[in-house]
Amino acid sequence: MANSERVHLFDLYSDFTGGSKSWSYNTLKARAVLNFKGIPYTQSWVCYPDIKLLGASLGLPPNEQGRAYTLPTIVHKATVTSTPSGAMTDSIPIALHLDKTFPSPPLFPSGDASYALFVAVAKIMTLIEPGFRPFIVPRVPGHLDPRGKQYFTETRSAAFGKPLAEVLPTDKETLDKLWKIVETESAPLVKMLKGKDQKKGPFFEGEKAGFADLWVACHLAFIERFDKELFGKFLGLGNGEIKALYDACLLWIEAQGEEKDWPIPQAAS
């Protein structure tokens, strides 16, 4: 059982305000789980170049693949025992830990069947992502602090193999090709949400929300932050199933924790 100590969530800084301040679909997943379960939490915002410093200061081991340190990260000494600081990282392990520690309401309302549903939905989202990522990533630096903007631009330009500004698609052929990916790969999601005749509720499991619903909604929120037109096209898929899901999850995506300053040790110059 968790005690009265609040979970602390580290999220990525942006210049967005209110419920839209959190923008990364990865950190949104941890936030949405906290809000879905009604877990009291505090939050602080981290600049991109400080993520590595934060992770090292919390005693987190570097990731085996990809970038050495990433967000989301949480600290909850009462229940996280893998590090002396009570810190853990990565949206899926965080979600599973919170679901075990705070079991109600469950992230997987039908147990293993809900987990299998989540795995399938997450796979579908990886197939959809190439259709929207080129529209979103180049727009991210415009909403970061100066240090974050420089870091993000340099690292993502290297990842794409060209200046980030050149990633944003503009010609009709490319635009049509990318949207075709979205339409094709999202069709199973629409069908799953539509369900059989007389299905009730906006979620994959009808009236029972779960991690699969939050997963999709967090990706939609990521799109909404940076490209309202593209977001509108996503909501127009099918016969309103995607929009109904997003609207039903919106409170869990936008709710905020209590602000708490968390100084991050800086490297010696």
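The largest cavity holds about 50 Å³ of space. A cavity here is a set of points on a 1 Å grid, over the protein atoms alone, where a 1.4 Å probe fits but cannot get out. Points are joined across faces, edges and corners, and a volume is the space filled by probe spheres set on them. The model is predicted: local features need pLDDT of at least 70, side-chain atom pairs count only at pLDDT 80 or more, and totals for chains, interfaces and linings use all residues. Residues are numbered from 1 along each chain as its sequence is written, and side-chain values use heavy atoms, with hydrogens and water left out.

The lining of the largest cavity consists of M125, I128, S186, L189, V216, L220, F234, L237 and I242. Lining residues have an atom within 4 Å of a point. Helices are DSSP runs (H or I, at least four residues), numbered from the N terminus. By class, 8 lining residues are nonpolar, 1 is polar and none is charged. Ala, Val, Leu, Ile, Met, Phe, Trp, Tyr, Cys and Pro count as nonpolar, Asp, Glu, Lys and Arg as charged, and the others, Gly among them, as polar.

F234 leads on to the largest nonpolar core. This core has 83 residues, and W23, L98, F204, F211, L214 and F234 touch the most other members. Helix α7 (residues 211-226) contributes the most, 12 residues. Such a core joins buried Ala, Val, Leu, Ile, Met, Phe, Trp, Tyr and Cys residues through side-chain atoms within 4.5 Å; buried means under 20% relative accessible area (1.4 Å probe, protein chains only). Beyond four places in sequence, the contacts of W23 include L12, Y48, V140, F222 and R225. Contact means heavy atoms within 4.5 Å.

The second largest cavity has about 40 Å³. Among its lining residues are I51, L54, Y69, T70 and L71. Helix α2 (residues 51-57) supplies the largest share, 3 residues.

Of its 29 lining residues, N26, R67, T70, L71 and R156 are the closest to its centre. A pocket is an open set of points with protein on both sides within 12 Å along at least five of seven lines. Helix α5 gives the largest share of this lining, 5 residues. The classes are 16 nonpolar, 8 polar and 5 charged.

The second largest pocket has about 200 Å³. Its lining has 6 nonpolar, no polar and 5 charged residues, with R139, D176, D227, E229 and K233 among those that line it.

Notes. Buried means under 20% relative accessible area, exposed over 50%, partly exposed in between (1.4 Å probe, protein chains only). Helices (H or I, at least four residues) and strands (E, at least two) are DSSP runs, numbered from the N terminus.
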